[in-house]
Amino acid sequence: MEINLPSFDISLRQHQGRREVFDFLRQRFVTLTPEEWVRQHFVHFLVEHKGYPKGLLANEMELRVGEKRLRCDTVLYNTALQPQMIIEYKAPSVTITQRVFDQIVVYNMLLHVDYLVVSNGLHHYCCRMDYARHSYEFLPDIPDYSAAFGLNDK
């Protein structure tokens, strides 16, 4: 599957009739879907190319709103374990639309993070929230960890 992210040393296996990929954050093999392919490449991109600490990233984080359960694809935490960034992935065949952003905004109503990121592996969008002005700004690129969080995380 061609995507717009750097390659990495990916570990795949066939298990009980399914193709699986090793998720180095969860430390286990998970079913390889097109969305998972994007997630694994994106997380490796953040760690290996953007300097994000592996230990502060978590995949498939469950949120609860009353009886409803939501699942964030990836969340970046600071060293005080407060969420700082939500990342939502889609398969490369899925077009990033307003509906995708609406989904991540629902998660952010609970987490109140600084950055929202959406990627389908081909196109990546990152916006920085400005809660004081009730606005947001789309950034031209995914920020390096030290530039975005380095000063806040000491």
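Which element supplies the largest share of the lining of the largest pocket? I started my notebook with that one, keeping in mind that this is a predicted model.

**Entry 1: the pocket**

I looked up the lining and found that α2 gives the largest share, three residues. The helix α2 spans 98-111. Along with α2, the strands β8 (124-130) and β9 (135-139) each supply at least two lining residues. By name, the lining consists of Q98, F101, V105, L116, C127, M129, Y136 and F138. I sorted these by class and got seven nonpolar, one polar and no charged residues. For the volume of the largest pocket, I noted about 160 Å³.

In soluble globular proteins, nonpolar side chains tend to be buried together. Here the largest nonpolar core holds 28 residues, and F42, L46, Y52, L76, M85, I142 and F149 are those with the most contacts inside it. The largest share, six residues, is from α1. Apart from this core I found another one, of 18 residues, with C72, V100, F101 and M129 among them. I was pleased to meet F101 and M129 again, as both also line the largest pocket.

**Entry 2: around F42**

What does F42 touch once its neighbours within four places in sequence are left aside? I listed L5, I87, Y89, V117, S119, H124 and I142 as its contacts. Of these, I142 is also one of the residues with the most contacts inside the largest core.

**Entry 3: rings**

Buried would require under 20%. I also traced a cluster in which ring pairs link Y52, Y115, Y145 and F149. Y52 and F149 had already turned up among the residues with the most contacts inside the largest core.

**Entry 4: V94**

Last, I looked at V94, in the loop between β6 and α2. Its relative accessibility is 32%, so I put V94 down as partly exposed. I also took the C-alpha to C-alpha distance from V94 to S135: the two are 41 residues apart in sequence and 26 Å apart in space.

How values were computed. Residues are numbered from 1 along each chain as its sequence is written. This is a predicted model: local features need pLDDT of at least 70, side-chain atom pairs count only at pLDDT 80 or more; totals for chains, interfaces and linings use all residues. Side-chain values use heavy atoms; hydrogens and water are left out. A nonpolar core is a set of buried Ala, Val, Leu, Ile, Met, Phe, Trp, Tyr and Cys residues joined through side-chain atoms within 4.5 Å. Buried means under 20% relative accessible area, exposed over 50%, partly exposed in between (1.4 Å probe, protein chains only). Helices (H or I, at least four residues) and strands (E, at least two) are DSSP runs, numbered from the N terminus. Contact means heavy atoms within 4.5 Å. On a 1 Å grid over the protein atoms alone, a cavity is a set of points where a 1.4 Å probe fits but cannot get out, and a pocket is an open set with protein on both sides within 12 Å along at least five of seven lines; lining residues have an atom within 4 Å of a point. Grid points are joined across faces, edges and corners, and a volume is the space filled by probe spheres set on the points. Ala, Val, Leu, Ile, Met, Phe, Trp, Tyr, Cys and Pro count as nonpolar, Asp, Glu, Lys and Arg as charged, and the others, Gly among them, as polar. Rings of Phe, Tyr and Trp (its six-membered ring) pair if their centres lie within 6.5 Å; planes under 30 degrees apart count as stacked, over 60 as edge-to-face and the rest as tilted.
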